[in-house]
Amino acid sequence: MIALIVVVTVLGVCSGQFLPGKKQTEKIAAHFGGPKPLPLIGNLLEFNTDIPGIFEKGIHLIKKHGPNLFLWGFLNENILILGDTKLVEKVLLAKQTQKSLLYTFLNSWLRTGLLLSSGEKWFQRRRIITPTFHFKILEQFVTVFNREAETMVDLMRKHVGGKEFDVYSYVTLMALDSVCEASMGTTVNAQHDPDNRYVRNVKRMSVLFLLRVVSPLAGRPEIYTVVHPNAYEQRKIVRELHEFTDNVIANRRKQLQSEQTLDINRNVEGVYTKQKMTFLDLLLNVTIDGNPLSDVDIREEVDTFMFEGHDTTTSGISFTLWHLAKYQDVQQKLYEEIDRVLGKDKANADLTNLQIQELEYLDMVVKESLRLIPPVPIIGRTLVEDMEMNGVTIPAGTQISIKIYNIHRNPKIWENPDEFIPERFSKTNESKRGPYDFIPFSAGSRNCIGQRYAMMELKVTIIKLIASFKVLPGDSMDKLRFKTDLVIRPDNGIPIKLVERV
């Protein structure tokens, strides 16, 4: 606590220029709910708890003060929390948009790839990358998902009839193997070699990011990057991650030079049906104004795909299994659908996109799990232009936090919002809701470009597991708590038990 007071004092001296605007900020804050701030440190003591407690406190404050909160940080620093879908829609549909300060903590690794870029560069990259998620490419990814999910099932068999174990760690490694092959066409063999350096570095980056988020120096990169020991460790890991990706790019570039180069501008159907492509292949063959992307350009997009493509799917798959373990009646109904559609060879079937689409109840189950525990529970934006909200002008530069987790549990929209009821997503019920009542993949122009990839991997994995095992809740399942940076995670794993299906 003494260290926190010292930091506050130093920052107070260094940042006195922010104080003159405090009265104007107070006028804005009066139009929103929120706890009363203390001098200098604002509402920071509200979050003086452990990491899962920070997430829990955020939920508590919204329940107490309403869906839209104004929270104070050091001095005049502040953030606007939005849960009202009308205001959320206004922010997400703004003509100009920029990610919030939180995302800049990833700059050293992802640079200005699709997740972090803005303006003209973002528009160019979005246009280039969109074809990667064409349905023909996704059909190729299904083969990867089948293989990696089957590997995970085989590795889990040792737990059949045994004690509880953490399924989250298994899913993490499977998702890493899948995204490495889909994005780079390379195998890191994470499931069989979890101590692989690249695997350890990716997992450690997630931990360091979370530690940065909860650090008192989070918003002060000029101090954090110089004095915090985690900053030194992060720089070392980023160098190694970049070296790995650079080597993969160089090797693949040499290989493609000896082959006939794909013409990305040709008919999409023709290209994708004739040759298997990875995300890296597309980037190596694309041009902007006649010029190819540099290796750095390619690396930042491949690294972005890696980051976004494994943590989010890991969360979605793991918490869907958690719900199925808790709600045995839902799991049985899903198993019966899988059995009806896929038949006696369901556990070993090479699933196709067409078969997956036949499983309507599976779609409802997955969506209900994403509603209750969205993999990305919070998204952040920085206002690029002034915006009117609640009868007051919010100035450009304001940090906005959109609480998807709370939007998905709004009792005005969702009856019994904390209950797991897949039938909410029947075609009849879905048509009754607004477009911003369910946004697990965000919304607007910067929605998740890989959402079809994520849904396909999630469904393939759930099918393989439920066809092979009956999933039971672990003894410690009710003790599960959440922690979050950009992605929601279990604090100490997700405990389940397995019974072999006969």
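Is leucine 211 counted as buried, partly exposed or exposed? At 30% relative accessibility, leucine 211 counts as partly exposed, where buried means under 20% relative accessible area, exposed means over 50%, and partly exposed lies in between (1.4 Å probe, protein chains only). The model is predicted, so local features need pLDDT of at least 70 and side-chain atom pairs count only at pLDDT 80 or more, while totals for chains, interfaces and linings use all residues. Residues are numbered from 1 along each chain as its sequence is written, and side-chain values use heavy atoms, with hydrogens and water left out.

Leucine 211 is located in helix α9, residues 197-213; helices (H or I, at least four residues) and strands (E, at least two) are DSSP runs numbered from the N terminus. Together with Val207 and Val214, Leu211 forms a nonpolar patch on the surface, and the accessible area of the three is about 180 Å². Patches are made of residues with over 30% relative accessible area and no salt bridge, with like charges joined within 9 Å and nonpolar side chains (Val, Leu, Ile, Met, Phe, Trp, Tyr) within 5 Å. Accessible areas come from the Shrake-Rupley method with a 1.4 Å probe, and for residues only the protein chains shown count as cover.

Two strands pair if DSSP finds at least two bridges between them. Strand β2 (residues 78-82) runs parallel to β10 and is joined to β10 by 3 bridges, with isoleucine 402 of β10 as the bridge partner of leucine 82. Strand β7 (residues 378-382) runs antiparallel to β10, and 5 bridges join the two; here serine 401 of β10 is the bridge partner of glycine 380.

Strand β2 also pairs with β1, in the antiparallel sense and over 4 bridges. Within this pairing, leucine 71 has isoleucine 79 in β2 as its bridge partner. The hairpin of β1 and β2 has 5 residues between the strands, and leucine 75 there takes a positive phi near 55 degrees. Asparagine 76 is placed in the loop between β1 (69-72) and β2 and counts as buried, at 13% relative accessibility. The side chains of asparagine 76 and threonine 25 are joined by a polar contact of 3.3 Å. A polar contact is a pair of N or O atoms within 3.5 Å; within protein, one must be able to donate a hydrogen and the other to accept it, and residues adjacent in sequence count only if both atoms are side-chain atoms.

A salt bridge is taken as a side-chain nitrogen of Lys or Arg within 4 Å of a carboxyl oxygen of Asp or Glu, and by this rule the count comes to 31. In one of them, glutamate 181 is paired with arginine 147, the closest N and O atoms being 2.6 Å apart. Glutamate 181 lies in helix α8 (residues 167-184) and arginine 147 in helix α7 (residues 135-156), so the pair ties together parts that are 34 residues apart in sequence. Glutamate 181 is buried at 16% relative accessibility, whereas arginine 147 is partly exposed at 35%.

Glutamate 500 and arginine 157 form another salt bridge, with the closest N and O atoms 2.6 Å apart. Because glutamate 500 lies in strand β14 (residues 495-500) and arginine 157 in the loop between α7 and β4 (165-166), this pair ties together parts 343 residues apart in sequence. Glutamate 500 is partly exposed, with a relative accessible area of 35%, and arginine 157 is partly exposed, with 32%.

Lysine 333 and glutamate 423 meet through their side chains in a salt bridge of 3.2 Å, N to O. This pair links distant parts of the chain, 90 residues apart: lysine 333 is in helix α15 (residues 328-342), and glutamate 423 is in the loop between α18 (404-407) and α19. Lysine 333 counts as partly exposed at 40% relative accessibility, and glutamate 423 counts as partly exposed at 31%. Elsewhere, salt bridges that share partners join Arg111, Lys121, Arg125, Asp297, Glu300 and Glu301 into one network.

Glycine 444 is placed in the loop between α19 (427-430) and α20 (451-468), and is partly exposed, with a relative accessible area of 25%. Glycine 444 touches Leu92, Leu93 and Tyr436, not counting residues up to four places away in sequence, where contact means heavy atoms within 4.5 Å. Glutamate 89 and glycine 444 are 355 residues apart in sequence, and their C-alpha to C-alpha distance is 8.0 Å.
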